[in-house]
Amino acid sequence: MNDNTSLPEKDLPPGRHRHLKEHLMREIRQTPVPEAEEARTARRRKWLRPVVAGPALAGALALAVVAGIAMTGADGPETPVGREGRATYAFAPKVNADTTGGAAELLDRIATVAAHSPAGDTIRDDQFVYVRSRVAAATVGEGIETKLAALHRREVWLSVDGTRPGLLREPGGNLDNEVLERDSAPGELGYGQSTNYRHLQTLPTDADAMLKWLRSQGDSGDSGDSGDTERNPDQDAFVRVGDLVKESLMPPDVSAALFRAAARIKGVVVVPDAVNAAGHHGVAVARYDAYNPGLRDELIFDSKSLQLIGSRSVATRATDSIEAGQVLSTSAVLERAVVDTKGRRP
């Protein structure tokens, strides 16, 4: 039997990270938050951005660690500029006038492609999903210049059935040979969530049922007298769509249902020219963040194949240290496969 099984290329995080959101919220509001209050805010808002793979996502952004690393031509796919025209992986010109409608139609086409992807019938429980990607994120904070850190390689090995520890190699994010814990709560989405392949096979394959499931995954324990804005079920559902696809292998029928469910979410728009971390231009579906109105979440697809090729978070509101159009986190998948042993490449 071959040591690995090739699979269609899909997207990888880093996606979004809770600390990035909290820093950007404070920057937008220009309201200092004491350390104790920051910790309390992070706890009560944790459901806004569930962690897909524990330390894997935390390492992907490495917010404070990457501060001060200069971007050079050798580190990126192209010069990170774009203020006056062509979009780049680091900047989205005309960020608040670069979207169109048609998201439902586009997502339906994406779902059709996903439904015809090769099934993973031969994948074994003892194997690992391997993903190699390029990622970068900006450091956001008072008195810090906001710019993307150097793009760097990221590799993860994730247990197919969630019962075996995984592995993360991301030297550029100061996380190398990091052991990823086994799923602590199989069947749950959120902190300690399970996105292993076997669990994903149990999710709904009908779009309406999938949307209902997405909306059911909120953390009801974070309400009360916290003072949070009332939860937005459309925002939560869109966030979870991204969290499900960014660092996992999706079964074709479940993936199709997920994208068709996303087509039913209000407020989703199309970005005709979105660029992933490898400099590949594609088309994105996006939603302006209802909780942090200065941010826009994007899932980027190849314009021809409609395969998921990346994700990014874009600032839509200017502040003292953030320019509207700046990309605050970006990713691109370079390779995806199933292998027999963690630490082994295809």
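Biologist: Are F259 and F301 buried or exposed?

Modeller: This is a predicted model, where local features need pLDDT of at least 70, side-chain atom pairs count only at pLDDT 80 or more, and totals for chains, interfaces and linings use all residues. Residues are numbered from 1 along each chain as its sequence is written, and side-chain values use heavy atoms, with hydrogens and water left out. Buried means under 20% relative accessible area, exposed over 50%, partly exposed in between (1.4 Å probe, protein chains only). Both F259 and F301 are buried.

Biologist: What kind of aromatic pair do F259 and F301 form?

Modeller: Rings of Phe, Tyr and Trp (its six-membered ring) pair if their centres lie within 6.5 Å; planes under 30 degrees apart count as stacked, over 60 as edge-to-face and the rest as tilted. Here the centres are 5.7 Å apart and the planes are at 75°. The F259 and F301 pair is edge-to-face.

Biologist: How many residues apart are F259 and F301?

Modeller: F259 sits in helix α8 and F301 in strand β8 (residues 295-301). Helices (H or I, at least four residues) and strands (E, at least two) are DSSP runs, numbered from the N terminus. The pair links distant parts of the chain, 42 residues apart.

Biologist: Which kind of pair do Y130 and W157 make?

Modeller: Both residues are buried. Y130 lies in strand β2 and W157 in strand β3, so the pair ties together parts 27 residues apart in sequence. The ring centres are 5.1 Å apart with planes at 50°, so the pair is tilted.
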